[in-house]
Amino acid sequence: MEPERECRVLSIQSHVVRGYVGNKAATFPLQVLGFEVDTVNSVQFSNHTGYAHWKGQVLNSDELHELYEGLKLNKVNRYDYVLTGYTRDTSFLAMVVDIVQELKQQNSNLVYVCDPVMGDKWNGEGSMYVPKDLLPVYRDKVVPVADIITPNQFEAELLTGRKIHTEKEALEVMDMLHAMGPETVVITSSDLQAPLGNDYLIALGSHRKTKADGTKMTQRIRVESPKVDAVFVGTGDLFAAMLLAWTHKHPNNLKVACEKTVSAMQHVLQRTIKSAKAQAGEGNKPNSAQLELRMVQSKKDIENPDIIVKATVL
């Protein structure tokens, strides 16, 4: 491929010394796929919080602002993409919005990819694992400035105030999310019944673009991927980063972008579970350290994924 103009991503996410979540999960794939990645570490922890112990520091909104001011003073605050994920603090999130708005003034083509991490469903029951007061900030401030959002089903329900029981309702919720701002919405996981059966997980994508004559076109897709029987951490961060990369490379083909993202994801998870089981030994449940994503080992799959998951156009 002929070299394109360098593409620069500002990624504001967690950092861990050991393992792969947040910026550690997003940076390597983006670099491998040809992006310059500038990272702001919203926290610096020894490891992710699923381990028995963790220690570390949290960046506050003033410190985030100070880092951004440094970039601005040197006139290097021009970005093509901003990527954000898990945040626990409302003032930090509000500061992110201010920075995104300012960066969009610098570059009107900037694309903000936001994973609105708020909670998930366990056994059909949704619960939030961030403070409740983050919901109105995401809904009223963040989502309106975002271009691509990657909520799970529970987060999509929270943002719209509507429950999803069927695919039709999911598509309606995605339309509501489009109306709030983002032109690309991917519901990364759901408890909808997959046509391929119970061993599959459904993700849904919707891309709405306005054509030159002002009419709106929406492309909608369904992706069914095999369930992997383990609890991984960092998968959402990896997903959002790869989706950023593949939508950049296939700007008007959400189907291909999602196929490549989900296929690469499958390769990484399969390699991780295989390796974790080998480390844990016969009959033992792998622990957090053993279930860390096999990122470096998956370099080739991330760079050029063999398409093992196909998307259906709806």
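1. Ground rules. The model is predicted: local features need pLDDT of at least 70, side-chain atom pairs count only at pLDDT 80 or more, and totals for chains, interfaces and linings use all residues. Residues are numbered from 1 along each chain as its sequence is written, and side-chain values use heavy atoms, with hydrogens and water left out.

2. Sheet. Ten strands make an open sheet with mixed pairing. Their order is β3-β2-β1-β4-β5-β8-β9-β10-β11-β12. Strands are DSSP runs of E, at least two residues, and helices are runs of H or I, at least four; both are numbered from the N terminus. Two strands pair if DSSP finds at least two bridges between them.

3. β5 (residues 111-114) and β8 (residues 148-149) run parallel, joined by two bridges. C114 stands opposite I149 in β8.

4. Cores. A nonpolar core is a set of buried Ala, Val, Leu, Ile, Met, Phe, Trp, Tyr and Cys residues joined through side-chain atoms within 4.5 Å. Buried means under 20% relative accessible area, exposed over 50%, partly exposed in between (1.4 Å probe, protein chains only). The largest core has 47 residues. L10, L64, L103, Y112, M118, Y138 and V142 have the most contacts inside it. Helix α3 (residues 90-106) gives the largest share, eight residues. Apart from this core lies another, of 45 residues, among them L83, I148, V186 and I302.

5. M118. Leaving aside neighbours within four places in sequence, M118 is in contact (heavy atoms within 4.5 Å) with residues including M128, Y129, L135, Y138 and L158.

6. Second largest pocket. On a 1 Å grid over the protein atoms alone, a pocket is an open set of points where a 1.4 Å probe fits, with protein on both sides within 12 Å along at least five of seven lines; lining residues have an atom within 4 Å of a point. The second largest pocket is lined by 17 residues. V111, E183, H207, T247 and P251 lie nearest its centre. β10 (200-210) and α7 (235-249) are the elements that give two or more residues to the lining.

7. Positive phi. Most residues other than glycine have a negative phi. K75 has phi near 55 degrees. K75 sits in the loop between α2 (61-73) and β4 (81-84) and is exposed, at 74% relative accessibility. N123 has phi near 50 degrees. N123 sits in the loop between β6 (119-122) and β7 (125-128) and is exposed, at 84%.
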